[in-house]
Amino acid sequence: MGALLAAFLLSVCLAAPGRAGQETVASASEENDKRRQEQEALIRSVRDALRRRLSDAEQPQFLREAPAEEGAASVDPQSGRNPQAQPAPPQKRSQPLTLEELINFVDLYHPKIRGLDAERRIASAKRLEKQGAFDPIFSTGTDWLRYNTEFDSKTRRGKVASMQLADAGVEMLTRYGIKIAAGARYNLGKVKSPLSPTGNGGEYFLDFKIPFFRGARINEKVAAERQAFLGEPLADAEFRLSRLELILKAANNYWEWVAAKRKLDVARQLLDLARFRAGAVRERVTAGDLPQIDSVEAELEVQRRQGAIVKADRDLQKAAFKLSLFLWSPNGLPAPIPEEGNVPATTPPPVIFTDDQSSAGQRLALERRPELKMVSLGQEITRIDLDLARNQRLPAIDLALSPGRDTGFGGIGNTFKAGLNLTLPLRQRTADGRISASTLKLEKLDFELTLERQRIATEVLDAVSAINTSHDRYRAAQQEVELAQRLEEGERTRFTLGDSTLFLVNQRERATAEARVKLIEIQAEYEQAVAAFRTITVQY
């Protein structure tokens, strides 16, 4: 009852300055202003006197019921903490930045992603270039000749002859290796050997050159086109691999940024607590309840915690700068550096991953990982090289056919030309070397595929292990925080009773803050492990 009576008296005293202050504003007289200042000084002295006279059991009730000073925060009497205090960020609070939004920023605007997309388009351009080897070609030309032809048997002088030459045609190469041409030729006048004349209407013809062994089904141009087609999915796999690596870096930096903000909050709360205690200690030193050295100790702790805030603030700035490297605007310029207010207020607590999730993650990873796709495409490209090398080891037997029709005055009607060419290298070192290199490369790629599959499966298991270990550590750290807070409150109670020292109270508070920081770091590690799991299993 004594505490309730003291609180009532103090509230009545506090109400008077407010009314006096209103009268002061209304009248603007110096006398009322002086009276208000005297009343406020009286209230402070009465409150201090009442607090010193209350018992330890009555002080918590007094603190709960007594009105707070203007600008002062409500403080939990047991812990000395302000449960409703939220440190105001140095910059204006804006919409929180989520990890999903960050990944969208990376996908849409990051310069590296745009550059990798250009690489994919380059691969498509190279494929188009190799397809150009099978484009039809049109050619035409004309000549006029005046030349010395036969000798006169008497004068031994040559005779003048003239002729006109003109031809036009279209030629193309098929993917089997057959060359096809169609055209017309005009050879008029006294034709010079080895050319033959045509009728006035010209000769129209078809040409076929058919390979039977070397160059049939596969040749340099066909192999280049097939490999260019495989180059497109290969470039896409490289794009997806680089994208996953970039997203994982962004996620790691994101959670470091979130953790840095929360560590700064812990440092600010610790500083607020030290400042409050320093004020209380000064009052007790003034009243003679504590020695002067305790006031020095309290001020030293304030300065120590102020330095910790400076470091925590620098860590947050550094994390924000690193995170800003992943934030870009549509116009290609860097987006604004994320502010303190962009940090999400809460994060779901860690959960454990089951064996079924681990098995499903391994299946997803083995189905989706771009590294496996890249190795498989490398094997297909190498098999094309091996097929081409084996074809080059065969003899070259080419059949040439050219049916035609000679028309016009002096024409002979149907024409025909046929021929067979054979080329047989006496040694095959070029082809043998290519066959050996391609075979060994396939063997190497088989080993790489086996290693990649095992590495990916192990990465999934390691990520799940990191997640579950972080979960267990988080639970243990939660208990550590709770116990540290109980010790802190108990030490503060002992200090109030005179059984402890300010040094030990500060130590307990720092131990609690360290436990809270450890809890923040463990949760950040958990979130980074989850991001690694989702990246490994290609769920981003």
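1. Let's start with I210, which sits in strand 4, the stretch covering residues 202–211. Please keep in mind that this is a predicted model.

2. Next, have a look at the pairing of helix 6 (residues 220–287) with helix 7 (residues 292–324): their axes lie 8 Å apart and the packing angle is about 165°. An angle over 145 degrees counts as roughly antiparallel, so helix 6 is roughly antiparallel to helix 7. The crossing of these two helices is left-handed. In the contact of helix 6 with helix 7, the residues comprise 21 nonpolar, 13 charged and four polar.

3. Helix 6 and helix 7 turn up again at the second largest pocket, where helix 6, helix 7 and helix 11 (502–536) each supply at least two residues of the lining. Which helix gives the largest share of that lining? Helix 7 does, with nine residues.

4. The pocket is lined by 24 residues, and K263, K311, A312, D315 and V517 are the closest to its centre. By residue class, the lining of the second largest pocket holds 12 charged, 11 nonpolar and one polar.

Conventions: Residues are numbered from 1 along each chain as its sequence is written. This is a predicted model: local features need pLDDT of at least 70, side-chain atom pairs count only at pLDDT 80 or more; totals for chains, interfaces and linings use all residues. Side-chain values use heavy atoms; hydrogens and water are left out. Axes are lines fitted to C-alpha atoms, for helices over the stretch in contact, and angles run from 0 to 180 degrees between N-to-C directions. Helices (H or I, at least four residues) and strands (E, at least two) are DSSP runs, numbered from the N terminus. Angles under 35 degrees count as roughly parallel, over 145 as roughly antiparallel, 65 to 115 as roughly perpendicular and the rest as oblique. A crossing is left-handed if the near helix is turned anticlockwise from the far one by less than a right angle, and right-handed if clockwise. Ala, Val, Leu, Ile, Met, Phe, Trp, Tyr, Cys and Pro count as nonpolar, Asp, Glu, Lys and Arg as charged, and the others, Gly among them, as polar. On a 1 Å grid over the protein atoms alone, a cavity is a set of points where a 1.4 Å probe fits but cannot get out, and a pocket is an open set with protein on both sides within 12 Å along at least five of seven lines; lining residues have an atom within 4 Å of a point.
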